[in-house]
Amino acid sequence: MFKEFFFICAIGSIAFMLPAQQISPNYASKQLSSQFTLSNGLRFVVISDPNAEVSAASLTIKAGQREAPFHAQGLPHLLEHIVFLGSKQYPQIDSWDNFFKSAGGWSNGSTRSGNTRYHFQIQNSLFRDGLGRLVDIIESPMILTNAVDIGLSEVNEEFESGRNNDWQGILSVMKDMTIDTNSARKFGIGNHESLGTEARNIEPALKKFHSRFYVANNMALAIYTNEPQEDIIKFIKSEFGSLESGEDNVPKYIPLHSNSQLATLISIDSESNRISLDMRFEVPNRLSKTNFDTSTLVIDLIGHEAPGSIFHYLKSKGLAYSLSASFQGDYLNEVLNIYIDLTPKGHNELGLVMGSVFAYVNKISSGVPLYVQKELQLVRERVLDKAVSKEPGDWLSDISDTLLHFETVNSITHKGSFDLVSSMDLRGYLSHLTPSNMQAFVTSKTDKVYKRSSSFYDRQFSISKIGDTIDKSIPQLDRDNFHFPSENPYLSQDKQTRIEFPLEVSIVDVKKGEMSDEILIQLEGHRNRSSSQTRVMSLLLIEKLRSALGDKAYFAAVADYKLETHLNHQSIGIVLSGQGKLLAKYAHDILRSGLKEVSAVELERIKDISLRKYNYNLRDKAFKLAILDSDSQVDKRLSPDLIPELISKVTQPDFNDYITEVKESIIVVNPTGKPILTGYFTNNKMHKQNRNWHTDNKDAYSVRIGVDSQKKALSHTLVTRYASPIDEASLRVLKELTTSGFSDLMRTQKKIAYIANSKMNRLSRASLSYVVESSSTEHSVLVKYTHDYLHNQLQTRFDGISEASFKQAKTNALLGLGAETNGKSFLRAISYEIEMGYKPREYTNQVIKEIESLELSEAILFLSKFQQSVPNSLMFKKQN
């Protein structure tokens, strides 16, 4: 289920801008938390933080996709949807959602292989009400026909939304390649084929599943609140102590594969042009701390990208674009997965690719230098001492999962800590990474005739034995090139390199309100280019910057230095984060190398990578592509599917001219409160404010219709004339007034969509998108439903809204704005304001004032401005 956002705050000041959570796992564990088990078996941990600005809870239940009956695969996921649709004390279908709309926060549910999770975040004063409702939906959901009908529709729509997703198709083949007796083989999402379409037929199974698995001793609860520990613990005991106990769910271990299914090469037909190799090995689960730490070390070494690594070798041979290593599983069966994004040459030389992996595994088996483990330990310690960047509700979900599976460990810090691994434990673990214990999945788009089709997704595939496919005769010279990463220069805060020529930039100091180890780099060309040309140049420059550090990029990433980019209308915002004094060096190194002119060969490499990524993104979920299409229209860019052609036409002189322009207008925003830029940057340029949002844009208020290529999704976007604070304020209030009804119309009344929501956009002009995706309804009908709904809202003055409810909508709009412009999003908001020609926070503060002063009559008049253009949108007329 997707996360739904609702917000609340106090109007009258900018105090609603809540600072990001600023506690670390270590501090929370040592100073703020306690862990208990109730008499009914429910485990819970409480983090009591007197400075908490919001409260949150996460409940994890030890029952997931595996526990579904074979005749109703996907049933646990269906139940997860249904519990939100009415309970004993709150029987109305929309009771849960309506409470959170007025109470502030968000809620979410998710069903995985081994568990189901429910979590929410809310304002402190209503946290107890939220917990009471959580107990009720878990203990007494109203599994009635209407709710089941809605759930069946949503689950099927969720399946249809991902049907053509490459990973879902590959996963369906992986499940089919699992032994029949292992429950991991079951189809997890569910659809009309697996669950049927008649609610009355599935209701008994739902009630039986709920009665069997939704019991206290199969649950773990994590709490974050500002209440004193003794008070909230007493409340939890009174509310959750009433939950009944039941039979423990203790799944039996069964190997994932039979011997005949191992040492196999599975070829899969791809929906995209990407060629990939997944080398998968079942390994010991990570329930023991030794296995957990050993797996962490192995993943770190196999996935590293520095000289001497598997990836560095494959890249030098022209065999791979990228490599990553990860774990997949549920603490019963676990798989180490090595994913390699192959070049066409790599596809033709699979034996050499796989042989290089086993050559490096043998290298690890021979012994790992102590400094490698010590550095990993240092990195983990830093993470535990670093302020948590996730929202409390999301952070708690990791904690409740850990508490459920690891009864005796510290659920807050367990996954972050690392103890040194012995050579014997390492060799024992690596003994599972052999060709005889492997399934290798190769995905490519070919004209090959496949022999099999996967369950539910109909993904074509064929199976063969690996045999002598793996190249075991890698030359000795190449084997000698495999070695461990050298010592990490970004882990030493004392070894700073003296910079002879600091970069000249325009420095903007911003007081963020709390200390933050991050800075913003704003880059923008100044030549008059079309929006499409600017977007293409930006995409290429972003790719160049990402690879600017070369071999050092791995070391920076390991030391938790990160580069995040986002595209504004005409500029690029780069948020760089990391610890301490070396953050400025990290930024300097990226800019110094990333803004050098390119050779013809390098440009072709950058274009190739950019094209591959962009084309792959064009296969994203339908609703995301519809938003991308409407965004392109708002910014007057070419249709997204025409961008690849523009990328391929970029010449070396043009791109180098763009780089030269960018170097002349670098802006560095420093919100750290520390003089970290000294020595690396000099403030020799004056940042100019040039407000380009003024009323010189003669476009009328209009509607743009974004579509995906298959016309399964709609992005019905209201577009203002220009980026002005009053227009953005009006759109934000309009969003709060209309989104709930729009979602309810599509999901629970029409029962045609799983995704139905709205999205505020800060583009060249402020805009608001109503987004819906449906596999069962004609696209033109979705447009008509949306048009009619907004027209009805205008005619009924937002369903006859009261003054109190309108004030509440403004309240929600304020906190929504705060969530988008503070915490992790703070520098992104600053980047937008700089492009718009404002001083930092000037634009946002003006939007706040406009929201506070907006009248209901003004909101109605504002919506009417778009109604005149809505009928034209039915023609799918685009503006390129």
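Entry 1. Before judging any residue I wrote down the cut-offs: a residue is buried under 20% relative accessible area, exposed over 50%, and partly exposed in between. I also noted that this is a predicted model.

I found Lys 751 in the loop between α25 (725–749) and β23 (755–762). Its phi is near 55 degrees, which is a positive value in a residue other than glycine.

Entry 2. I looked up Ala 263 next. Ala 263 also has a positive phi, about 55 degrees, although it is not a glycine. It sits in the loop that runs between α9 (229–240) and β8 (264–269). With a relative accessible area of 21%, Ala 263 is partly exposed.

Entry 3. I turned to the protein as a whole. I noted 32 helices and 24 strands. Along the principal axes, the C-alpha atoms fill a box of roughly 80 × 70 × 60 Å.

I asked myself what radius of gyration a compact globule with 880 residues would have. Of the 880 residues, 59% are buried. I then took the contacts between residues at least 6 apart in sequence, and 83% of these join residues at least 24 apart.

Entry 4. Glu 157 belongs to helix α5 (residues 145–162). Is Glu 157 buried or exposed? Its relative accessibility is 6%, so Glu 157 counts as buried.

Glu 157 and Ser 774 are 617 residues apart in sequence, yet their C-alpha atoms are 6.5 Å apart in space. Leaving out residues up to four places away in sequence, I listed what Glu 157 touches: Ile 752, Ala 753, Tyr 754, Glu 773, Ser 774, Ser 775 and Ser 776.

Entry 5. I checked Thr 786, which lies in helix α26 (residues 779–795). Its relative accessible area is 0%, so Thr 786 is buried. With residues up to four places away in sequence not counted, Thr 786 touches Leu 714, His 716, Phe 742, Met 746 and Tyr 770.

Entry 6. I moved on to helix pairs. Two packed helices are described by the angle between their axes and the distance between the axes.

On the α28 side I wrote down Lys 810, Ala 813, Leu 814, Leu 817 and Thr 821, which meet Thr 844, Val 847, Ile 848, Ile 851, Glu 852 and Ser 853 in α30. By class, this contact has six nonpolar, three polar and two charged residues.

Entry 7. I then looked up helix α18 (residues 531–546) and helix α20 (residues 582–594), whose axes come within 9 Å and cross at roughly 125 degrees. That angle makes α18 oblique to α20. I noted the crossing of α18 and α20 as right-handed. From α18 the contact takes Leu 541, Lys 544 and Leu 545, and from α20 it takes Ile 590, Ser 593 and Gly 594. I sorted the residues of this contact into three nonpolar, two polar and one charged.

Note on methods. Residues are numbered from 1 along each chain as its sequence is written. This is a predicted model: local features need pLDDT of at least 70, side-chain atom pairs count only at pLDDT 80 or more; totals for chains, interfaces and linings use all residues. Side-chain values use heavy atoms; hydrogens and water are left out. Axes are lines fitted to C-alpha atoms, for helices over the stretch in contact, and angles run from 0 to 180 degrees between N-to-C directions. Helices (H or I, at least four residues) and strands (E, at least two) are DSSP runs, numbered from the N terminus. Angles under 35 degrees count as roughly parallel, over 145 as roughly antiparallel, 65 to 115 as roughly perpendicular and the rest as oblique. A crossing is left-handed if the near helix is turned anticlockwise from the far one by less than a right angle, and right-handed if clockwise. Contact means heavy atoms within 4.5 Å. Ala, Val, Leu, Ile, Met, Phe, Trp, Tyr, Cys and Pro count as nonpolar, Asp, Glu, Lys and Arg as charged, and the others, Gly among them, as polar. The radius of gyration is taken over C-alpha atoms; the globule rule is 2.2 Å times the number of residues to the power 0.38. Buried means under 20% relative accessible area, exposed over 50%, partly exposed in between (1.4 Å probe, protein chains only).
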